[in-house]
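Work through the following exercises with the sequence and the model at hand. Try each task before reading its solution.

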Amino acid sequence: MSNQILPQVLEQILSDSKTADAVFSALVPALGEVLNCDRVFLYLRNPETQTGRTPYCWCRNSNYPDVSGVQWKKEPESLGEEDPLFAAALRTEPSIFVEDVETANPEVVNKDFEAKEFGHRALIHAHLCADGLLWGVLQPCIFDRPRVWTDFDRQVIAAVTEKISPLAVAFVTAAKAEI
């Protein structure tokens, strides 16, 4: 993808920021604004230990739940079975764009799981993968209504995930002492 497709604010964050933390801290809220979402969070994980945390979460306002957490936690053994989106991410499949959790194919989305765990109505499940492993999930979402994800949205997510996947690996690798 050519950099011209990426909005200037995102391009600047991705080219100017020097550390994974600086990129992620600036990127999550900027992506929320660019995509006009209600919430964006970044879940990072260690694929060797199946532990993860959500150190970055932006919410448009206080009506939306902040899912950030500083502690590394073991992923439930059943997560891949309960959550088809996470199972697809573990298989390092392409990012998934869900326009309406309520009407999505149950093989792609577990409506009950999404309602219980996240409460959103539309989402992007963007997979941060490297070397055949899942290192994180970037998740922009909408709460109160379905959302048609445009070609622009898809191009932005493709460019962003390509650029930040190596940073997810660097972040998790640097944090291994904490995990």
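**Exercise 1: a bridge and its burial**

Task: Find which residue forms a salt bridge with D100, and say whether D100 is buried or exposed.

Solution: D100 pairs with R121 in a salt bridge (a side-chain nitrogen of Lys or Arg within 4 Å of a carboxyl oxygen of Asp or Glu), and their closest N and O atoms are 2.6 Å apart. The two residues, 21 apart, link distant parts of the chain, since D100 sits in the loop between strand 4 and helix 5 (111-117) and R121 in the loop between helix 5 and strand 5 (122-130). Helices (H or I, at least four residues) and strands (E, at least two) are DSSP runs, numbered from the N terminus. Buried means under 20% relative accessible area, exposed over 50%, and partly exposed in between, with a 1.4 Å probe and protein chains only. D100 is therefore buried at 12%, whereas R121, at 24%, is partly exposed.

The model is predicted, with local features needing pLDDT of at least 70 and side-chain atom pairs pLDDT 80 or more, while totals for chains, interfaces and linings use all residues. Residues are numbered from 1 along each chain as its sequence is written, and side-chain values use heavy atoms, leaving out hydrogens and water.

**Exercise 2: a positive phi**

Task: Say where N36 lies and what its relative accessibility is.

Solution: N36 is found in the loop between helix 2 (20-35) and strand 1 (39-46). Although N36 is not a glycine, its phi is positive, at about 55°. Its relative accessibility is 47%, so N36 counts as partly exposed.
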